[in-house]
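Work through these exercises with the model open beside you. Try each task before reading its solution.

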Amino acid sequence: MKIKKAIQAALALGLTHSAVAGVISDDQLNNIWYTDAQTSISEKQAQKTIKNAKNIIVFIGDGMGISTLTAARILDGQNKENSGEEGLLSFEKFPRTALVKTYNVDAQTPDSAGTMTAMMSGLKTDMGVLGVAEGVVRGECESMENNEVTTALELAEIKGLSTGIVTTARITHATPAATYAKSPERNWEDISDMPDDAIEYGCKDIAAQLVNFESNLESRYNVEIDGIEVVMGGGRRHFLPNDASANSADASSAIEGDRTDGENLIEEWQSIYSEGVYVMDQSGFDAIDTETTKHLLGLFNESHMHYEADRHNDISGEPSLTEMTETAIKILDNNDNGYFLVVEAGRIDHAHHAGNAYNALMDTIELSNAVQAALDLTNDEETLIIVTADHGHVFTIAGYPKRGNPILGKVIAVDETQASLAEDGMPYTTLGYSNGRGFSDLGNETDADLGYDEAISVGRNDLSGVDTETSGFHQEATVPMTAETHSGEDITIHANGPGSYLVQGVMEQSALFHIIDKTLNLTAE
Amino acid sequence: MKTINLNIFKISLLALAISSVLVGCSNYSSSTTDSEKNLATDERSLSHAQSNVWYMGSASTITGNATEFAKIVKEKGLAKNVILFIGDGMGVSTITAARILDGQEKGLDGEENNLSFDNFPFSGLAKTYNVNAQTPDSAGTMTAIMSGVKTDVGVIGVNENIVRADCSTTSGNELISALELAEIAGLSTGIVSTARITHATPAATYAKSAERNWEDNSDMPSDGSADECEDIASQLVNFKSNLEARIAGIDIDGLEVVMGGGRRHFLPNNATYNSTDASSAIEGDRTDGRDLISEWTDLYTEGTYIMDQAGFDAIDTETTEHVFALFNESHMHYEADRENDIAGEPSLSEMTETAIKILDNNEKGFFLVVEAGRIDHAHHAGNAYNALHDTIELSNAVAVAESLTSEEDTLIIVTADHGHVFTIAGYPKRGNPILGKVVGVGETEVSLADDDMPYTTLGYANGRGFSDLGDETDADMGYDEEIRAGERVDLTEVDTESAGFHQEALVALSAETHSGEDVAIYARGPGAHLVNGTNEQNIIFHVMDYALDLVTKADANVDAL
């Protein structure tokens with residue numbers, strides 16, 4: 001007769017159930033790593049599956065590849081006095097993830113215009129073009145015909161949802177523009193950026209398309225809509241005439257506006273939305289009444305908004321991504337039909353291009369904070385939150401730093417206290433870039449873009465006396481380029497709430513639109 | 001369902017490459033719409049989209065995902081078999097680059113291609129760090145995957161209370177592995193690797209060691225401090241009796257399938273023991289005089305020991321109960337270099353196929369671990385060519401496993417232990433050779449960096465840097481070259497697509513390093529739905545436990561003392 005060891009042990013201890021003295025030792029069963037993982041399995045089993053959402057918020061970390069996520073997670077933890085590796089950014093706690101293939105139809109390593117068009121319109125297209133299919137020829141206005149595509153934001157607007165766009169980049173920059181504009185050239189942010197023949201042929205600059213969004217969409221589809229409720233970001237220069245008299249109090253150039261057609265699109269917006277609120281600084285932002293405001297245009301900077309770590313240097317003050325996200329949601333959720341909001345952390349990408357990991361990671365952490373704010377203001381039974389990137393960067397986390405080693409620091413190996421030395425006898429940083437402008441040490445400078453004022457300096461430098469953890473340190477790089485490049489490897493989608501169950505496996509980037517579509521029933525059948 | 005949909009998508013993409021783009025059709029059928037506000041009722045609406053292969057392809061992906069999700073049965077123990085594939089060092093950038101290379105070798109642009117496991121319905125992310133290391137090694141990571149517990153860098157099958165290389169700290173800190181649980185549960189078990197079978201990743205399935213480098217007794221301290229510890233090769237051969245001694249009340253039959261390299265750790269340091277496949281004057285490393293291969297054949301008298309392709313080809317998978325195969329003195333060859341093996345050796349796909357055919361003779365099921373061990377080695381040598389080709393071979397092996405098993409009863413997991421500092425730079429045009437130099441969109445000439453020299457799409461942040469070994473297919477020959485990192489090389493006349501090209505690097509190191517970012521986990525079959533989200537790496541053990549109800553089954557097979 002067989003009596004199981006576990007049962008026998010349970011009897012011996014006077015217990016009525018097993019789970020003691022089995023094959024696995026108690027040491028292993030009670031190990032915190034073991035029990036945490038068991039808890040995680042249970043949580044996965046308990047996940048709800050809700051198919052339809054009232055609201056969707058899509059967060060884009062521009063250039064936020066997987067290495068950026070890991071490094072930002074570690075920095076966030078270390079800023080909170082932890083080792084760092086064990087933590088999770090807010091959205092890394094989301095139950096569902098997928099990997100995303102980012103290439104554009106004509107480009108192995110993509111750009112934001114093609115990738116965001118894929119996410120917003122459900123089809124891949126060429127690099128550098130906005131809201132148009134691959135049949136377009138980049139830069140050729142006449143090739144637009146029959147290639148314009150519809151975006152999720154437009155469909156949401158037509159369906160009667162409130163809509164919003166928030167970014168730290170210029171609101172006319174590729175990622176936000178792909179939500180509302182159709183252009184064969186991402187750089188046509190205002191009319192001064194366009195060739196004469198394109199203007200004559202009838203193409204409109206991106207800023208003009210934003211302000212005329214409502215009438216353009218109404219005439220395109222013969223529908224009645226109420227326009228985008230929330231627009232916040234930078235890029236005032238594309239809305240103002242090239243005339244100093246139109247400068248705002250926040251202007252950083254002698255003449256703030258770039259427009260050569262004399263138009264003041266901010267005034268146009270105010271005349272279209274006579275009950276709307278236009279703001280351009282922190283005090284204006286703080287005065288917004290989110291319960292009564294129906295339309296909001298916030299243009300907080302002449303060009304891009306500041307890096308989060310550099311925000312205190314804004315002339316008249318500007319809100320954080322988290323603050324903008326909160327205000328956007330509070331305005332949008334006044335609509336009982338629901339809302340569709342796109343939030344971009346646009347400057348993760350810019351910091352990487354400048355070869356400055358500090359700002360890329362700090363802006364990623366701020367994105368994490370903004371997502372947390374969104375979680376706090378919404379209900380995961382009716383709001384789908386998606387966090388993703390458009391593409392990665394050639395940004396690496398090298399071996400072999402010990403646990404808890406400062407992520408912005410030099411590599412110190414396990415059990416060591418001194419920096420590891422490379423074969424050239426010099427220390428090296430954990431973080432690095434394959435290409436770009438390379439090393440510069442700008443001390444406590446918090447604006448990554450000042451790196452462009454330095455000479456390109458790739459290759460190795462003796463970092464022994466350099467504090468690589470300062471905000472102004474720009475990492476070393478191998479291949480000299482005017483700006484560090486995007487990368488081509490897959491990026492991730494993280495999802496929580498209704499419809500998140502559709503986020504699975506490996507997907508083409510255009511699948512994101514279809515998740516939004518299916519979850520909000522935008523195109524019905 | 002999802003696989004079928006993706007196949008349709010692939011066919012569509014092929015069509016895309018050879019035909020004009022189908023946009024702008026004005027006569028959209030409104031038969032699928034009914035809402036007044038629905039755009040589809042307007043003929044200027046989504047017509048372009050409905051005839052666009054990208055649109056329809058990704059729409060069907062999401063339909064497939066919904067179908068896949070509906071199939072999930074939340075019940076423990078639905079799997080009969082588990083196959084765990086580890087691509088050692090196979091980070092996300094490696095997978096993307098290998099996918100593109102695989103596609104290009106099939107005549108496609110490449111980017112639209114999918115590796116076999118890219119088509120798996122579920123994926124998740126794994127945080128790879130070891131308890132004491134931000135950027136991990138294979139010993140700590142594979143211990144986490146196999147035992148459900150994170151531990152220190154460099155140690156095998158023991159928890160973090162160990163002191164690395166201190167034998168005396170081993171006792172009491174041993175962890176049981178999923179392979180051991182499967183063995184106790186009565187499943188057939190197997191380990192296949194292209195690395196030495198005593199190397200960190202395979203070792204973490206069966207061994208307990210304070211030091212990953214104790215592959216044979218000659219690797220251990222000779223001062224008596226490690227006398228109480230057993231080298232890893234010896235632990236493999238004594239796996240059955242060791243486990244029976246450790247867990248009272250079990251009666252197991254030992255590992256059914258063991259295939260890989262590493263013969264040197266099993267043979268005495270005496271030329272008379274050399275096999276015909278020996279590459280050194282004295283093949284064996286052991287200084288204790290033991291011939292572990294003979295010991296194994298004595299323990300498994302009906303088992304089959306093989307060491308070359310001919311022996312492999314002669315295996316009868318229906319009658320063989322135990323197979324022990326050591327195909328190389330050290331690691332097996334890179335897939336692209338396999339033809340240079342002296343006595344011939346099988347591919348990872350072939351080994352996987354044979355392993356499954358032997359293991360599936362057990363009605364209770366099986367647990368198999370397959371490692372593509374040399375992706376990591378090629379990266380360490382700074383040679384993307386071999387890293388990507390070995391990744392493609394892993395994809396082939398996974399496809400073989402899919403075809404030999406049913407998703408109804410077999411959980412297949414594909415993952416990596418860690419990544420490498422390996423990057424895919426901007427901005428090559430679509431279809432640009434992934435091993436080539438960057439040629440921009442709309443261009444036919446290479447892009448030049450600010451130093452007026454071309455640059456490759458693929459690169460490493462550190463390592464030995466540039467070398468051009470022409471058609472050499474052994475990445476390890478790069479270690480014979482001088483380190484040349486930290487400076488640029490004029491690649492104008494260099495064929496960077498050749499097997500022997502080693503990519504440029506910045507920080508000069510004797511070997512390129514692992515990286516610290518998350519790796520991916522791909523899964524299909526019962527329990528695969530648990531592979532989702534961002535996880536600590538040790539969750540993989542728990543997914544496998546869930547799928548097989550492994551701990552319960554193992555506990556049930558323990559007899560009374």
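A residue is buried if 20 or more other C-beta atoms lie within 10 Å of its own, exposed if 12 or fewer, and partly exposed in between. The model is predicted.

**Exercise 1. Is A:Asn146 buried, exposed or partly exposed?**

Step 1. Find the residue. A:Asn146 sits in the loop between helix H5 (112-121) and H6 of chain A.
Step 2. Count neighbours. A:Asn146 has 16 C-beta neighbours inside 10 Å, so it counts as partly exposed.
Step 3. Check the backbone. Phi of A:Asn146 is near 70°, a positive value in a residue other than glycine. Most residues other than glycine have a negative phi.

**Exercise 2. Locate the cis peptide bonds A:Gly399 to A:Tyr400 and B:Gly426 to B:Tyr427.**

Step 1. In chain A, the bond from A:Gly399 to A:Tyr400 is cis, with omega near -10°. A:Tyr400 belongs to the loop between strand S10 (395-397) and strand S11 (431-436) of chain A.
Step 2. In chain B, a cis bond joins B:Gly426 and B:Tyr427, with omega about -5°. B:Tyr427 belongs to the loop between strand S10 (422-424) and strand S11 (458-463) of chain B.

**Exercise 3. Trace the open sheet of 10 strands in chain A. Which strands stand at the edges?**

Step 1. Read the order: S5-S6-S4-S3-S7-S1-S8-S16-S2-S17 (chain A), with mixed pairing.
Step 2. Strand S5 (277-279) and strand S17 (506-508) of chain A each have a single partner strand, so one side of each lacks a neighbour in the sheet; these are the edges.
Step 3. The twist averages 15° from one strand to the next.
Step 4. Take one pair. Strand S8 (residues 383-389) and strand S16 (residues 491-496) of chain A run antiparallel over 4 bridges. A:Thr388 has A:Ile493 in S16(A) as its bridge partner.

**Exercise 4. How many residues of chain A are in contact with chain B?**

Step 1. 109 residues of chain A contact 114 residues of chain B.
Step 2. Helix H3 (residues 32-45) of chain A gives the largest share of chain A's side, 9 residues.
Step 3. By class, that side of chain A has 46 nonpolar, 38 polar and 25 charged residues.

Note on methods: Residues numbered from 1 in each chain as written. Chains lettered and ligands numbered in written order. Predicted model: local features only at pLDDT ≥ 70, side-chain atom pairs only at ≥ 80, totals over all residues. Pairing = 2+ DSSP bridges. Helix = DSSP H or I, 4+ residues; strand = E, 2+ residues; numbered from the N terminus. Axes fitted to C-alpha atoms, helices over the stretch in contact; angles between N-to-C directions. Contact = placed C-beta atoms within 7 Å. Nonpolar A, V, L, I, M, F, W, Y, C, P; charged D, E, K, R; others polar.
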